Amino acid sequence: GGKLACHEAFGFRDRDAQAPMPLDAVFRIASMTKPVASLALMMLAEEGRVMLWHPVGRYLPEFGDAVVGMERAPAEREIAVLDLLRHTSGLTYGALPVPGVAPHPVKRAYTDSKVGEPDQTIEEFTARLARQPLLHQPGTHWEYGHSTDVVGRVVEVVSGLDLDRFVRERISAPLGMEDTGFWAPPEAEERAAFP
């Protein structure tokens with residue numbers, strides 16, 4: 001009937017410290033930031049500032065000369081913005097260690113190049129990523145990987161705002177989601193929940 005029926009927190013914010021879960025706990029949402037970054041890009045597309053069929057190289061020139069596989073064959077076509085959104089760009093993640101299983105050479109190359117090193121800006125990260133070979137030809141295979149990271153950089157270039165600011169100003173603040181962003185502010189540290 002339009003009234004709050006239940007508003008309780010259960011469990012622990014930090015099990016090791018036996019700290020109870022507060023009502024205003026802050027959770028890391030990891031890959032659930034992907035739909036947020038994609039929404040940001042779609043807002044720009046709706047405004048006519050980015051087109052989904054455009055090559056990514058139009059916005060990020062470093063992606064204009066993509067190569068595929070360890071043989072570094074030229075891409076048959078450029079990665080399109082739409083490829084980023086549907087994870088058909090050919091970009092991948094680095095290799096995760098699996099006992100007794102040799103990683104794919106392209107995934108190992110991502111790991112060896114330290115593409116995802118901490119303390120990089122998204123601009124530095126995507127510039128390093130653009131130098132890596134694609135796992136597949138653009139548009140041919142679905143591969144969960146760094147595509148949405150590139151979406152975030154396209155948002156920055158097209159909007160002129162860093163991604164976190166764009167999300168706060170255009171998405172989370174208008175929705176009243178004051179604790180939602182890519183980084184928790186230091187003052188929220190005491191409310192951060194740990195798995």
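1. Helices (H or I, at least four residues) and strands (E, at least two) are DSSP runs, numbered from the N terminus. In this predicted model, the protein chain has 6 helices and 4 strands. Followed along the sequence, these elements give the pattern β-β-α-β-β-α-α-α-α-α.

2. Taken along the principal axes, the box filled by the C-alpha atoms of the protein chain is roughly 60 × 50 × 30 Å. The protein chain has 195 residues, and 38% of them are buried. For contacts between residues at least 6 apart in sequence, 64% join residues at least 24 apart.

3. The next point concerns the packing of two helices. Helix 1 (residues 33-46) and helix 6 (residues 163-172) have axes that come within 11 Å of each other and cross at roughly 75 degrees. Angles of 65 to 115 degrees count as roughly perpendicular, and helix 1 and helix 6 are therefore described as roughly perpendicular to each other. On the side of helix 1, the contact is made by Val36, Leu39, Ala40, Met43 and Leu44, and on the side of helix 6 by Phe166, Val167, Arg170 and Ile171. Sorted by class, this contact of helix 1 with helix 6 has 8 nonpolar residues, no polar residues and 1 charged residue.

4. Helix 3 (residues 105-112) deserves a separate remark. Which residues of helix 3 are buried? They are Val106, Ala109 and Tyr110. Seen down the axis of helix 3, these buried residues fall within an arc of 100 degrees, so they line one face of the helix. What covers the buried residues of helix 3 includes helix 4 (122-130). Helix 3 is followed by Lys114, which has a positive phi near 60 degrees.

5. Ala192 is placed in the segment after helix 6. Is Ala192 buried or exposed? With a relative accessible area of 9%, Ala192 is buried, because buried means under 20% relative accessible area. Ala192 and Pro22 are 170 residues apart in sequence, and their C-alpha atoms are 9.6 Å apart in space. When neighbours within four places in sequence are left aside, Ala192 is in contact with Arg13, Val26 and Arg28.

6. The aromatic residues form the next topic. A pair of aromatic rings is described by the distance of the centres and the angle of the planes. A search of the whole structure finds 2 aromatic pairs. Tyr93 and Tyr144 form an edge-to-face pair, with 5.7 Å from centre to centre and 75 degrees between the planes. This pair links distant parts of the chain, 51 residues apart: Tyr93 is in the loop between helix 2 (81-86) and helix 3, while Tyr144 is in the loop between helix 4 and helix 5 (147-159). Tyr93 is partly exposed, at a relative accessible area of 26%, and Tyr144 is also partly exposed, at 34%.

7. Trp142 and Tyr144 form a stacked aromatic pair, at 6.2 Å centre to centre and 25 degrees between the planes. The pair is called stacked because planes under 30 degrees apart count as stacked. Trp142 has a relative accessible area of 56% and is exposed. Tyr93, Trp142 and Tyr144 form one aromatic cluster.

8. Arg72 is not a glycine, although its phi is positive, at about 60 degrees. Where is Arg72 found? Arg72 lies in the loop between strand 3 (67-68) and strand 4 (73-74), and it is partly exposed, with a relative accessible area of 43%. His87, likewise a residue other than glycine, has a positive phi near 60 degrees. His87 is located in the loop between helix 2 and helix 3. The relative accessible area of His87 is 8%, and His87 is therefore classed as buried.

Conventions
Residues numbered from 1 in each chain as written. Predicted model: local features only at pLDDT ≥ 70, side-chain atom pairs only at ≥ 80, totals over all residues. Heavy atoms only, no water. Axes fitted to C-alpha atoms, helices over the stretch in contact; angles between N-to-C directions. Parallel < 35°, antiparallel > 145°, perpendicular 65-115°, else oblique. Contact = heavy atoms within 4.5 Å. Nonpolar A, V, L, I, M, F, W, Y, C, P; charged D, E, K, R; others polar. Buried < 20%, exposed > 50% of the residue type's maximum accessible area, 1.4 Å probe, protein only. Arc of directions from axis to C-beta. Phe/Tyr/Trp six-rings, centres within 6.5 Å; stacked < 30°, edge-to-face > 60°.
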